[in-house]
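Work through the exercises below with the model open beside you. Try each task before you read its solution.

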Amino acid sequence: MTKNKPLVIVTRRLPDIIETRMRELFDARLNVDDAPMSQAELVEAVKTADVLVPTVTDRIDKAIISQAGPKLKLIANFGTGVDNIDVESARTRGITVTNTPGVLTEDTADMTMALILAVPRRLIEGAAVISSEEGWMGWSPTWMLGHRIFGKRLGIVGMGRIGQAVARRAKAFGLQIHYHNRRRVAAAIEEELEATYWESLDQMLARMDIVSINCPHTPGTYHLLSARRLKLMRPEAYIVNTARGEVIDENALARMLEAGELAGAGLDVLEHQPAVNPKLANSDRALLTPHMGSATLEGRIDMGEKVIINIKTFVDGHTPPDRVLPSML
Ligand code: 8YV
């Protein structure tokens, strides 16, 4: 790798301040039009770059990585989830992978909380009445009734940084915190959050009023919320997902919402995004948002800063702070 000015290819447009800094530090090839790259363009990029900066919209699979040129030594993902990258193939070829953890925790937790509030309280439906053609016909004591969240049980699937940030917020809203995680979290955290650990996801799901998905998408969590597990949930329960669509069997969820076997869903991520399951798109019980969990200017700038730090550290011959190893997934 050329030590001073590595060729850094960035697949999507990033905030101005980040692109400006990248131009100063690197031989940066930026995507001014922000058009997603085709697989052929990605192949071209990995053939020539020293560093590739992809995002969630780029599939950096084995086929792409196997065509990487000898210069490519770092894939510095703009994003925390690395399910878009075949990390094992990269490791085999001696390519380091980094991500951007930590800086989008609070924003994603805010979005989770927004869905936890919006779905049971019918926020979007209510707002739509005001802007509808007929307009607001008048108030009534029994109209637009949602459900209280105070005092209800929230089951968090994945108690990492984001899960804990959700728990902290939810506790302040009077929800009881329950969680399932591969590993039980430290006693001090459980105590602070007054959180109940469930070793069995099945048993937790059967008892929750609201379930929030906050785990990464890995081979182990694909369809973790399978048709069988969704059926364990109470018909009055809600589910929200700000993690990855692939964690829930979306077809099964859509069928259950249609049949009234679940009260509602708030989904910021979809299994085949940007494609939207028509059953979900047309469901009164589903609130869908277009993967906006970390979409704040502050968050995107912090993410860009992390990408720059990872590249700079790596180029300077050190282990980048946010290195992702296959064993971490
Ligand atoms: C990112 C995300 O903005 O970081 C993640 O894992 O899901 C998003 O919020 C996106 O991945 C950018 O690539």
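The model is predicted, so local features need pLDDT of at least 70 and side-chain atom pairs count only at pLDDT 80 or more, while totals for chains, interfaces and linings use all residues. Residues are numbered from 1 along each chain as its sequence is written, and side-chain values use heavy atoms, with hydrogens and water left out.

**Exercise 1. The ligand**

Step 1. Sort the shell by class.

Step 2. Look for polar contacts (a pair of N or O atoms within 3.5 Å). A polar backbone atom of Phe-78 is 2.5 Å from a ligand oxygen. For a backbone N or O atom of Thr-80, the distance to a ligand oxygen is 2.6 Å. Arg-300 uses a side-chain N or O atom, 2.8 Å from an oxygen of the ligand.

Step 3. Check the cover. The ligand alone exposes 330 Å², and the protein buries 90% of that (Shrake-Rupley method, 1.4 Å probe).

**Exercise 2. The aromatic pair**

Which residues form the aromatic pair, and how are their rings set?

Step 1. Apply the rule: ring centres of Phe, Tyr and Trp (its six-membered ring) lie within 6.5 Å; planes under 30 degrees apart are stacked, over 60 edge-to-face, the rest tilted. The count is one pair.

Step 2. Tyr-179 and Tyr-197 are 5.1 Å apart, centre to centre, with 45 degrees between the planes, a tilted pair.

Step 3. Strands are DSSP runs of E, at least two residues, numbered from the N terminus; helices are runs of H or I, at least four. Tyr-179 is in β7 (176-180) and Tyr-197 in β8 (196-197), so the pair ties together parts 18 residues apart in sequence.

**Exercise 3. Two backbone features**

Locate the cis peptide bond and the positive phi of a residue that is not a glycine.

Step 1. The cis bond joins Gln-273 and Pro-274, with omega about 10 degrees. Pro-274 sits in the loop between β11 (264-267) and α12 (278-281).

Step 2. Asp-34 has a phi of about 65 degrees. Its loop runs between β2 (27-29) and α2 (39-48).

Note on methods. Polar contact = N/O pair within 3.5 Å; in protein donor to acceptor, adjacent residues only side chain to side chain.
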